[in-house]
Amino acid sequence: MGPGQLRVAIALRAIGEGHLSSIEFAEAVIGPGTTWTFHDRRRPPWRPQVSAGAWSVAHFRAAAAHEGVLNETSHAVLRELPTRFSTPDIDTAATLIPSELSSRADTRRQIDALRVIASSAYRAGFPLDTELSQRVLSPVAAEEHRGMEDARFVRFTDTDGSTHYRATYTAYDGRDIAPRLIITPDLRDFRVHRLVGDGAQNKGMAMFPRPVDGRYLALSRTGGENISLAESDDGVIWTQAGRVHGPQEAWEIVQTGNCGPPLETEQGWIVLTHGVGPMRTYALGALLLDLHNPTKVLGRTSTPILEPHSGRRDGYVPNVAYSCGGIIHEGVLWIPIGIADSRIGVCSVELTDLLASMT
């Protein structure tokens, strides 16, 4: 990169036949100055090689409780599992449970349910010679077989100072939705997992880019309309930690949610938001949250910073301007946007101007 330039990766929602969604990527360069250039996307697209993922016993127990299959049989299987395990270990553990349990009529069904839960974690890897824009994450687990939507990626700095990429996304099985997690060091090898707990029950989770006071934090949505805070000790089991913001203005009166991971500034956490108003019109706004107590709102935009207008209203889903993340570079906030679920673009605003516009 030259002076003032920054290379960025952009996650895209790809919609295929039958409204089936997958996750793919594009690359762009910001700068020099206030310019943004998308790279050409390479072909052909590639699907990854998929293998079994790993669980901790605590995470698996929470997932089994969420699915309502934490019973005498599952407790017996859990006692026989190693601290870290994958799907084949379920079958090994099942052979070690007491005979009075294994001989029951419903034991096979219960173990099958545990096997389905275990198989929802997987690894997806792409060849070294593939370009980022060729890589497509398409549904693998049963809970996502009707779509993977709205991946909110963030470059994450962990407590030990190491960095990698994380993303939350919404899985859809044709009836129910579930928030799930992607972790990758290089956007080539991906670990994919389910999230559990009362803080991970709705669409639109977005992780903070680092732990705050030793806690993993994420923005979530409660009641279908409010932005809330969730916290976790391990990044996979989440609990509610308080409401952050609810609908207040006409343009967000139906519901409001986040538009991606919070962005850290000296003034506080910048959170891009979406509001749904009359006629299901989606517009973008922003919040400013306290750095140490993100449930405290220091400022907000009372009018949209971006909304659909004539010529940009129609498309696959009309009246929608939407984003799953932004990035700050040399004092400018850049926001990639989906336009009516039909095309993508990018908008920008000076950070000082955005902060000055908040009430």
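Let's start with helix α2: its buried residues pack against α1, α3 (87-94), α4 (99-102) and α5. Contact here means heavy atoms within 4.5 Å. This is a predicted model, where local features need pLDDT of at least 70, side-chain atom pairs count only at pLDDT 80 or more, and totals for chains, interfaces and linings use all residues. Residues are numbered from 1 along each chain as its sequence is written, and side-chain values use heavy atoms, with hydrogens and water left out.

Which residues of α2 are buried? In this helix, residues 72-79, they are Thr73, Ser74, Ala76, Val77 and Leu78. Buried means under 20% relative accessible area, with a 1.4 Å probe and protein chains only. Helices are DSSP runs (H or I, at least four residues), strands are E runs of at least two, and both are numbered from the N terminus. At the start of α2, a side-chain oxygen of asparagine 71 comes to within 3.1 Å of the backbone nitrogen of threonine 73.

Next, α1 and α5. Helix α1 spans residues 57-66 and α5 spans 107-119. Phe60, Ala63 and Ala64 in α1 meet Leu114, Ile117 and Ala118 in α5. By class, that contact has 6 nonpolar, no polar and no charged residues. Nonpolar covers Ala, Val, Leu, Ile, Met, Phe, Trp, Tyr, Cys and Pro; Asp, Glu, Lys and Arg are charged; the others, Gly among them, are polar.

Last, alanine 321. Alanine 321 sits in strand β22, residues 321-322. Its relative accessibility is 6%, so alanine 321 counts as buried. Beyond four places in sequence, alanine 321 touches Tyr282, Ala283, Leu284, Leu306, Pro308 and Gly338.

Conventions. Axes fitted to C-alpha atoms, helices over the stretch in contact; angles between N-to-C directions. Buried < 20%, exposed > 50% of the residue type's maximum accessible area, 1.4 Å probe, protein only. Polar contact = N/O pair within 3.5 Å; in protein donor to acceptor, adjacent residues only side chain to side chain.
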